[in-house]
Amino acid sequence: MTNTILLGCIADDFTGATDLANNLVRTGFRVTQINGVPTKPLSVEADALVIALKSRTITAGQAIEQSLAALHWLQHHGTQQIYFKYCSTFDSTPAGNIGPVSQALMAELKTDFTIATPAFPDNGRTVFKGHLFVGDQLLSDSGMKDHPLTPMRESNLVKVLQDQTSHRVGLVDHKAIAAGSQAISQKFSELRTQGIGMAIVDAVTNEDLITLGRALKGMPLVTAGSGVAIGLAQNFGLTPSAQASALPATSGFKAIVSGSCSLASNRQVAHFKQAGLPSFGIDPTALMQDHADVASLVAQIRQWARPLLNPDNPILVYATADAQTVSRLQQQCDAHLLGGRIEQLLGKVAQDLVEDGVGQLVVAGGETSGACVQALAIEQMQIGPQIDPGVPWCFSQLSSAGPRAGGLHLALKSGNFGTDDFFTKAFKLL
Ligand code: ADP
């Protein structure tokens with residue numbers, strides 16, 4: 001076991017974890033991402049550890065339990081600060097899990113104050129007067145209003161978070177940010193004396209996040225999207241270094257698995273099909289019956305994919321559908337049940353693809369990525385170069401017990417991230 005770990009991170013989904021790891025690597029942290037809470041201590045030379053959970057849409061009780069297990073494991077490695085990472089669109093249901101998990105971590109760390117901000121200007125996520133914007137739209141006007149599992153229909157994050165916690169929620173607004181790090185620290189103290197336990201923080205530029213970062217020095221718990229991470233390296237005396245993102249050489253065929261229904265993923269699927277590349281669209285109605293035959297659909301997809309796999313061009317398997325289609329399906333079947341079955345199916349498809357020689361795999365969708373990483377039994381990943389903001393290539397030395405000996409290059413894309421040509425562009429970068 002090493003005692004060099006400065007920052008211990010807990011991410012509520014797998015793509016979120018790589019997004020955070022990516023921002024940490026870019027600013028000079030050496031990062032190891034671990035999928036799920038390990039059962040043993042780890043011997044690794046890293047400045048930051050990111051534990052990826054799949055706790056965004058499970059019950060608040062389960063999310064707390066898993067997050068505390070992650071916290072205890074990180075504490076065992078002597079981490080100086082804990083970072084709870086959630087989505088830059090503040091994905092949560094009215095019951096949580098951002099509020100309940102933050103509150104439980106605060107209690108365990110015996111701290112009475114933390115911040116909460118999903119701001120990530122590089123990806124168009126900005127917070128102003130406590131309201132979250134996605135590009136030029138308020139969160140509640142963005143595609144997030146139609147998310148299959150966590151529809152976001154309120155943009156005022158003070159309200160959203162207040163509904164999820166018994167701590168009083170306050171705001172550190174843009175005026176405090178503009179006044180500099182000391183003014184922010186001063187504002188934190190003021191809020192604390194008013195009995196406020198969590199503060200949404202405004203941030204619209206990377207400079208805001210750097211300024212905020214200085215004021216976070218020594219705060220036991222930070223809760224945020226991945227953006228806040230760009231301001232933390234300075235507190236630990238770290239500076240960017242190119243070698244931090246180098247990965248081993250690639251091998252194998254190329255494939256994409258997409259279970260995200262975001263606007264961006266819909267555009268990326270359309271772009272891929274327009275490029276004339278092979279794709280298999282899954283019809284989820286086959287998964288809606290009580291005794292759905294997932295295995296035969298998996299076998300059908302494998303049969304389709306095998307002759308098309310090649311080292312030059314990727315193939316795509318997708319369940320991605322537009323908001324209208326998703327809402328029609330969800331009227332006929334419980335959203336979580338259907339989502340879970342699709343995730344299970346895509347996880348199995350990813351496993352088959354890797355068994356059949358895929359060595360470079362893109363997965364679109366946070367929950368979908370969690371399902372695929374679990375199906376592939378990937379425990380640890382090294383973080384490599386950035387494809388688009390929030391999405392790096394990663395490398396996993398697959399275990400010999402897994403589906404394929406040798407390594408796998410993997411890109412886990414959060415639904416809303418990436419340019420329209422992401423599914424073809426990503427492979428050119430390797
Ligand atoms: P994102 O990153 O865009 O939020 P996720 O993978 O986290 O993507 O979530 C998308 C959810 O929608 C998953 O549970 C997935 O199984 C489910 N899903 C995918 N396709 C469909 C569909 N056609 N109809 C209903 N749900 C779907």
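1. What covers the buried residues of helix H7 (residues 206-215) includes strand E5 (114-117), helix H5 (174-178), helix H6 (181-193) and strand E10 (196-201). The buried residues of H7 are Asp 208, Leu 209, Thr 211, Leu 212, Gly 213 and Ala 215, where buried means under 20% relative accessible area, exposed over 50% and partly exposed in between (1.4 Å probe, protein chains only). Helices (H or I, at least four residues) and strands (E, at least two) are DSSP runs, numbered from the N terminus.

2. This is a predicted model, in which local features need pLDDT of at least 70 and side-chain atom pairs count only at pLDDT 80 or more, whereas totals for chains, interfaces and linings use all residues. Residues are numbered from 1 along each chain as its sequence is written, and side-chain values use heavy atoms, with hydrogens and water left out.

3. Ile 230 lies in the loop between strand E11 (221-224) and strand E12 (253-258), and with 13% relative accessibility Ile 230 counts as buried. Leaving aside neighbours within four places in sequence, Ile 230 is in contact (heavy atoms within 4.5 Å) with Asn 23, Arg 26, Thr 27, Asn 206, Leu 209 and Ile 210.

4. Helix H2 (residues 60-76) has 17 residues and reaches 24 Å from its first C-alpha to its last, close to the 24 Å expected at 1.5 Å a residue, the expected span being 1.5 Å times one less than the number of residues. Among the buried residues of H2 are Leu 68, Leu 71, Trp 73 and Leu 74, and the buried residues of this helix pack against strand E1 (7-11), strand E2 (31-35), strand E3 (48-52), strand E4 (81-85) and helix H3 (98-108). H2 is followed by Gly 78, whose phi is positive, near 75 degrees.

5. Cys 9 is buried, with a relative accessible area of 0%, and Cys 372 counts as buried at 1% relative accessibility.
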